[in-house]
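Subject: Structure for your review

Dear colleague,

Please find below the structure that I am handing over to you. My notes on what was found in it follow directly after.

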Amino acid sequence: MPEPVRRTVYNKEQLPLVFEATPETDINAWIKEHREELREDLHRHGALLFRSPVRPDFDGLVDAFGGRAVEYQGGAAIRSRVSENTYTASEYPEELDIRLHSEFCYSNDWPMLLFFQCDIAPSDRGQTPLANNRAILRDLPEDIRRQFAERGLLYVRGYGYNRTWQRSYETADREAVEKLCADEGRRVEWIGGDQLRTYENRPAIASHPYTGEDVWFNYAHGFHISRMDSGIREALSTSPDDSDEQLWPNNVFWGDGSEIDAETISVVNDVVERHSVQFDWEVGDTLVVDNMLSAHGRRPFSGPRRILLKTAESYLSLRKN
């Protein structure tokens with residue numbers, strides 16, 4: 001009699017670890033029964049992919065894994081709320097490559113767990129690549145790794161025409177935004193009456209609360225002005241004609257505000273891409289990502305594609321318990 005769930009991998013990085021269920025298997029019930037060992041697998045591999053001929057209930061799978069949902073507010077991505085605690089994974093233009101990153105790595109709190117479920121599988125590319133943040137940190141040139149560790153980062157973000165602060169924070173109440181930013185340690189500046197710019201000082205390297213390992217946990221390689229090509233800038237434009245440099249969508253500096261040279265960012269991106277791996281989505285696939293151990297992105301695509309996202313387990317709440 002075949003095993004109800006078969007474990008396998010798609011690449012030498014063993015990222016993600018894959019669980020393929022038989023048609024007769026209730027994958028959510030199986031996940032709940034094996035929750036503790038699956039958590040250990042997640043900390044070992046960084047991401048788990050659950051694949052079943054019968055599409056699992058998304059809420060039920062998150063509950064089975066034991067993840068407490070957290071909302072996505074104030075993030076850098078363009079996405080929409082689908083239902084309570086469920087969002088579209090990304091609404092960037094399909095021709096753009098979304099560079100690998102960890103959600104809210106530019107904040108003082110972040111979700112430890114990301115759950116992606118494939119609602120409509122792309123027929124042309126559209127993969128969600130992954131990369132091992134432990135390996136990225138390990139393989140950076142020593143001088144670059146030391147600079148990031150010692151100097152930290154300053155993120156500067158502008159909210160304007162496309163990614164408005166109202167959409168990002170899901171409110172039109174300026175005082176509510178100011179409070180949320182204050183709670184996050186994020187400084188705010190109002191420009192021209194109703195446009196927002198924020199500043200955040202963050203470390204570039206973090207320690208995982210379960211494994212104790214240091215990981216690459218920042219988005220300097222994606223936010224840096226040298227990476228803001230015309231397509232990304234248009235997607236995040238801060239004015240209808242995309243000419244307001246004061247509200248440049250994303251940028252990052254060393255922690256003291258000095259500029260990071262583009263060559264350093266280029267070296268980091270080379271290391272990140274060297275460690276990236278990917279798989280092709282199938283309808284119903286559910287990917288669980290440890291947000292600190294693994295970075296994720298999105299490849300360009302054409303045609304229909306719909307990936308749903310849930311975020312869970314606040315880092316700060318975890319540290320308090």
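Arg6 is partly exposed, with a relative accessible area of 46%; this class lies between buried, under 20%, and exposed, over 50%, with a 1.4 Å probe and protein chains only. Please note that this is a predicted model, in which local features need pLDDT of at least 70 and side-chain atom pairs count only at pLDDT 80 or more, while totals for chains, interfaces and linings use all residues. Residues are numbered from 1 along each chain as its sequence is written, and side-chain values use heavy atoms, with hydrogens and water left out.

Salt bridges

The structure holds 19 salt bridges, each defined as a side-chain nitrogen of Lys or Arg within 4 Å of a carboxyl oxygen of Asp or Glu. One of them joins Arg6 to Glu20, with the closest N and O atoms 2.5 Å apart. Arg6 belongs to strand β1 (residues 5-9) and Glu20 to strand β2 (residues 17-21), so this pair ties together parts that are 14 residues apart in sequence. Helices (H or I, at least four residues) and strands (E, at least two) are DSSP runs, numbered from the N terminus.

Asp59 and Lys310 also form a salt bridge, their closest N and O atoms being 2.5 Å apart. Because Asp59 lies in helix α3 (residues 58-65) and Lys310 in strand β18 (residues 306-314), the pair ties together parts that are 251 residues apart in sequence. Which of these two partners is buried? Lys310 is, at 6% relative accessibility, whereas Asp59 is partly exposed at 41%.

A further salt bridge connects Arg299 with Asp97, at 3.2 Å between the closest N and O atoms. This pair links distant parts of the chain, 202 residues apart: Arg299 sits in the loop between β17 (294-298) and β18, and Asp97 in the loop between β6 (86-88) and β7 (98-101). Arg299 is buried at 13% relative accessibility, while Asp97 is partly exposed at 28%.

A buried polar residue

Asn133 lies in helix α4 (residues 133-139) and is buried, at 2% relative accessibility. The side chain of Asn133 makes a polar contact with that of Ser102 (3.1 Å). Such a contact is a pair of N or O atoms within 3.5 Å; within protein, one must be able to donate a hydrogen and the other to accept it, and residues adjacent in sequence count only if both atoms are side-chain atoms.

Yours sincerely,
A colleague
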